[in-house]
Amino acid sequence: MAGEGDVKLLGTVVSPFAVRVRMALHLKGVSYEYLEQDLFDKGELLLASNPVHKKVPVLIHAGRPVCESLAIVEYVDEVWAGAASLLPADPYGRAVARFWAAYLDDKLFPAWIGILRAATEEDRAEKLDAALAVVEPMEDALVQCSGGKDYFAGDSVGYLDIALGCNLFWFEALHEMFGVTVIDAGRTPCLATWAERFVETEAAKKAAPPMKSMVDYAGKLRSMWAAAAAAAK
Ligand SMILES: N[C@@H](CCC(=O)N[C@@H](CS)C(=O)NCC(=O)O)C(=O)O
């Protein structure tokens, strides 16, 4: 294992962004100390390490913090360059992978949070439609990036696989809580097959949040949102 004793990760077990980093660290064979954070009562280390956004994940390597999950994944990929690369080798492939990863964080994350946040069945159905529309272009992205292989990165899991794959556990939680399907095999069949394959990988299994933790956390968030909406009336 590379960099042992030197690497700390501030995260929460349910954070898809922290899950993304855990997957990257696992794929690169980096051992690290994991420090679970309470986002309802943020600790000194998190506030000092990410004073701008005050969010997880933060990777602390040799005492220096690195913030923002995609930046962290790239950092991990470059620092532990000995293990197989997460980003594509060619500049065009890297640019395409970064484009789609940014798309996922800009569009997909808020879209599925919208499903979680919906206060009525009607609103939830609208938010699901919006999320399905965001997912749709990923079908072509997968076909193009993978070149017909199993993963976005080709024969093995890479940057874009974990950028999208970290959301899959929450899609399972949304299914459990509300019966919705965010990656619909009828609309995006290749992506649905990819998702089934991805969650069975070692990297995914190691980082998967327990269903109960997601459902409990979702309950807390929904109560907070309901209280804020009632207070705003
Ligand atoms: N763009 C950030 C997003 C990180 C993020 O939203 N983290 C959430 C947990 S999933 C957080 O720390 N929220 C605390 C807060 O908003 O105060 C990344 O990719 O790292």
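Residues are numbered from 1 along each chain as its sequence is written, and side-chain values rest on heavy atoms, with hydrogens and water left out. Because the model is predicted, local features need a pLDDT of at least 70 and side-chain atom pairs count only at pLDDT 80 or more, whereas totals for chains, interfaces and linings use all residues.

The protein chain contains 11 helices and four strands, where helices (H or I, at least four residues) and strands (E, at least two) are DSSP runs numbered from the N terminus. The radius of gyration of the protein chain, 18 Å, is close to the 17 Å that the globule rule gives for 233 residues, so the chain is as compact as a globular protein of that length; this radius is taken over C-alpha atoms, and the rule is 2.2 Å times the number of residues to the power 0.38. Along the principal axes, the C-alpha atoms fill a box of roughly 55 × 45 × 25 Å.

The ligand is surrounded by Ser15, Phe17, Leu39, Lys42, Lys55, Val56, Pro57, Glu68 and Ser69, a residue being counted if one of its heavy atoms lies within 4 Å of the molecule. By class, this shell comprises four nonpolar, two polar and three charged residues, with Ala, Val, Leu, Ile, Met, Phe, Trp, Tyr, Cys and Pro taken as nonpolar, Asp, Glu, Lys and Arg as charged, and the others, Gly among them, as polar.

A backbone N or O atom of valine 56 lies 2.8 Å from a ligand nitrogen atom, and a polar side-chain atom of glutamate 68 is placed 2.7 Å from a nitrogen atom of the ligand, while for serine 69 a polar side-chain atom lies 2.6 Å from a ligand oxygen atom. Taken alone, the ligand exposes 520 Å², of which the protein buries 76%, the areas coming from the Shrake-Rupley method with a 1.4 Å probe.

The backbone beside valine 56 was also examined. The peptide bond from valine 56 to proline 57 is cis, with omega near 5°, and proline 57 belongs to the loop between helix 2 (44–49) and strand 3 (58–61).

Methods
Polar contact = N/O pair within 3.5 Å; in protein donor to acceptor, adjacent residues only side chain to side chain.
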